[in-house]
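Here are my notes on this one, as numbered points. Have a look at the structure first, then read on.

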Amino acid sequence: MRRPVLRSTLTFGLSATALLAFAVVLAANVSRGLHAQDTKVPGENLAEQMKRLPAVEAKDAIKTFSFEKGFTFETFAAEPAVGDPVDACFDENGRMFVAEFHAYPYSAEKREHDPTGRGKKESGIIRMLEDTDGDGKADRSVVFADKLDWPLSVAPYNGGLFVIDPPHLYYFKDTNGDDVADEKRVIFSGFSRYNVQGVANNLKWGLDNRIWAATGSNPANLTKEGMALANLGRRDWAFDPRTEKLEPTTGGIQYGHSMDDWGNRFVCSNSVHIIHCVFEEKYLARNPYFAAPGGTRSIAKEGGAGPVFRRSPPEPWRLVRTARRVADPKFAGLPANERVPTGFFTSATGVTIYRGDAYPEEYRGNVFVGDVGGNLIHRKTLTPTGATFLAVRADENTEFVASTDTWFRPVNFVNAPDGSLFVLDMYRETIEHPISIPEDIKAYLDLESGHDRGRIYRLVSPGMKRKPVVKLGKASVAELVANLESTNAWNRQTAQRLLWERQEKSAVPSLIKLAKESKNPLGRLHALYTLSGLEALTPEILIAAMKDSHPGIREHGARLSEPFLKQDAVAEALIGLATDSEFRPKFQAALSMGYVPGENGLRGMATLAKNLTADPDLRTAFLTSVTDNAASLTKALLKDAEFLKTVQARGLLSELARIVGARPEDAGALALLTAVTGSECPADVRPLMLQGLGEGLGRRGMSLSKLLKTSSDAAVASQTAQFFANALATARDDAQQPAVRRPAVLLLAFAELGEVAGTLEELLAPQQPQELQSAAVAALAAHDDPSVPKVLLAAWKGYGPKVRAEATDALLARLPRIEALLTALTEGKVKRAEVDREKKQLLLNHPNKAISGRAKELFSGELGGNRVKVVADFQPVLELAADATRGKEIFTKKCSQCHKLGDVGHQVGPDLTSTQNKSPADLLISILDPNREAQAAFIAYTAVTVDGETYTGLVATESAGSITLRRGEGKEDTILRNRIEVLASQGLSLMPEGLEKELDKQQLADVIAFVKSLKKAN
């Protein structure tokens, strides 16, 4: 797997949500699901098969590499001068400081997945490397700090270093000039070491004079000096080194963290090799009544698990382990890409944007990411697209760097003072979580082998001339300001850092001149942020920035303007960006507009609303800015004829109504209801607005009928009643087409149930079209009334499979309804076979013990069982002649609710085309034993609200204010966090066990054939 951080070769298994998806063994599942196959296979001879592959000595290592475009490596340092490098930084004088993680992969703490506690104690080192003679090689190696446990990242500050060494973030400094740290302070505590592949990592200086870092997937409940600070959850963080104030932000992925020249952040997980942090947490958290999408986005053109082209052979232990998974010796002869999980990213790490000036211009802004399991370095180009990017493979059918040496582990990269990119090679025989390897196989391995080795390479382009390192530590103020215009990012960032650290107020006049006159946009950018750090920004500077010729400067001018937006002139300049011709300035204006107070804010939001496009990220940015002015803004837009003509008007008004309804102020919701039911509201907009308002009210336990009881305005009640009377008439009109009647039926979800119950009950009859039955189920389900389960169950026999599944969902939504369903099952009014397996699993694992107890009495033996025995019993499946055409029919019936393959199904679980490198035997294991290696991102969660509503599904998106769970057919439920009483992981894949009870051996063979028949589109 990965090192402290990464993860190497995971397996592709059918995981989570439903059927057949590949599994990536993530950090959260280290205690469950990673356990290795311990069952030997016939003919196995470990002594013969487990031949260890030898290391290549450092002097010969470069011969093992292939490079693209004429690049090569120069060895900057190798053992014994350095070992186990996992992160590095350069100080202001070009000295490299390296975090050496010698304890990998064990911890000294005893835990369930490693009860021995065998890890090395205090073996970690921070090493200083220096090239004193300018020949490009480190000739001085000094231990700057030692006796650390898991040193994972370093960042320079004020003559010292911040160091992540879980559970702490430390600050080290040499105060007496001997190059050894004599000052050591704990800054924060609470970073977990639970999983060696989910640790905090990659401290990076940002444009905003703060240090940003990736949290990883381990929990991080931080304290400072014993006081609670922040529970990061799955979020990254940034902090001000001077004030030590910390702020959570978007992220929480795995090992890797980088920024481009304009401050865009990128992270990665083991298989999803480049992820863009599109939205910062501070924006998503601002409007807790808007169900914002997740803040991160996988941006690789080929999808998360992109193909890779390795040159190294698979390690023997992997072949043995996979042969055991195959559980049949004949599969030991499969091609390598089916014997081991190769061919796709399985251990991506260290995603880094190249920001130097040593290579040709075409490489600036390229993405470099290592795959430690594949012993390679992958390269991508980035193309802006709206608020994010498209990352495209730069080297077709090959990798930028690939080695035949299985010990090559490129875990991280560093932009260097000489404008080149440095590669950190942890150089280990094995990168894998110990729990994933059977004990008898481990007896032939040394998982710590290589702890005394490590290499650092300089990536060199053809004809590249090495530039001397500019030592900025003793540079004058004028020289530092001049370096803000450097073509090398290290110079710009270091110069800005030093000016800020020293609070060089004398630089302000020069910085103002640079911000206005520099011909280099990046020079103007750094001047602005340096002025910000010196508290020397003025409204005049910001207004000029928001009118700059370069869209990037206008974008950051908007961002920097946020503390100044109470001033009319600054607010006016920001409002001007609402009509900007470029996307990014408008996008940032939409984010920043939420900080504009009063009438200026209302006017700015209205201007933005008229200038939005169909881009969903731009709309999200706008909606995060809707705060206390939600009702006023929505009413104003309803009266704006120009806005109502725009293509985005209907969808935006519906979402705004949802926000107004969800907010706790009844007055705003009532005012909007008055406007919507009035004569000035366009007739075609009214249904959308009432539905949105009703859904929003429902999110906080209110309803339109309850809201009307708070009003003394009889006209509003009368107009609302008339609207629903019209909807009721349309719903009952058999002369109308179902497409006309269905929206009217859905609107009855928000009417008084006593007025519409009879009609909804009639629409459940089997004589009604299926789409009207479904709409009636949905409308009934929205009402919190004790009569609902009785009505739904009374019509049970008339439901087809689709409507029955929807009715089951409705019955599972509240505890009294669940009890009614269980009673119907006990009495035989509902047959056990009529409840899908995933619903049975939900009931068996329900957080309410009474419910789960009754479910166990009903469904005992239908799920679970000895999965190892089931897999063994179904091995004959692999011998059968299979038919992919028949398999498609079975897949459509049994699997397509949660999986999409080709043009069939719904994308709830992972992309099944990524299973093309899986053998049929491994696919069979994953189908029959979905929890063996279930992917954490696809584990089922159950949320119970304060009103007793129950929701189950995969966590589709999370924001500070809400969580969205996705279930079968891609349906989603959004729950405001302030309404959640219980949110619990079931610890299981949403795909339940027991499929073998529904499919015979031939059908399973046909499904596998269908999955294998479709190739992943590049």
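1. A word on terms before the sheet: two strands pair if DSSP finds at least two bridges between them. By that criterion β19 (residues 275–277) and β20 pair, since three bridges join these antiparallel strands. One of the residues involved is isoleucine 275, whose bridge partner in β20 is serine 298.

2. Now the sheet around that pair. Keep in mind throughout that this is a predicted model. The sheet is open and has four strands, ordered β17-β18-β19-β20, with antiparallel pairing. At its edges sit β17 (257–259) and β20 (296–298), each of which pairs on one side only. On average, neighbouring strands in this sheet are turned by 30° against each other, ignoring direction.

3. Stepping back to the whole chain: the protein has 1018 residues, and 62% of them count as buried. The secondary structure amounts to 34 helices and 35 strands. If you take contacts between residues at least 6 apart in sequence, 68% of them join residues at least 24 apart. The accessible surface comes to about 36,800 Å², with 51% of that belonging to carbon and sulfur atoms.

4. Next, some backbone geometry I'd look at by eye. As background, most peptide bonds are trans, and most residues other than glycine have a negative phi. Against that, the bond from glutamate 79 to proline 80 is cis, with omega near 10°. Proline 80 is in the loop between β2 (72–78) and β3 (85–90).

5. A cis peptide bond also joins proline 166 and proline 167, and here omega is about 15°. As for where to find it, proline 167 is in the loop between β8 (160–165) and β9 (168–173).

6. Then there is phi. Asparagine 202 is not a glycine, yet its phi is positive, at about 55°. This residue belongs to strand β11 (residues 201–205). Is asparagine 202 buried or exposed? Its relative accessible area is 0%, and buried means under 20%, so asparagine 202 is buried.

7. Last, glutamine 503 is another residue other than glycine with a positive phi, near 50°. Glutamine 503 lies in the loop between α7 (489–501) and α8 (508–517), whereas asparagine 202 is placed in a strand, β11.

Terms used. Residues are numbered from 1 along each chain as its sequence is written. This is a predicted model: local features need pLDDT of at least 70, side-chain atom pairs count only at pLDDT 80 or more; totals for chains, interfaces and linings use all residues. Side-chain values use heavy atoms; hydrogens and water are left out. Helices (H or I, at least four residues) and strands (E, at least two) are DSSP runs, numbered from the N terminus. Buried means under 20% relative accessible area, exposed over 50%, partly exposed in between (1.4 Å probe, protein chains only). Contact means heavy atoms within 4.5 Å. Accessible areas come from the Shrake-Rupley method with a 1.4 Å probe; for residues, only the protein chains shown count as cover. Axes are lines fitted to C-alpha atoms, for helices over the stretch in contact, and angles run from 0 to 180 degrees between N-to-C directions.
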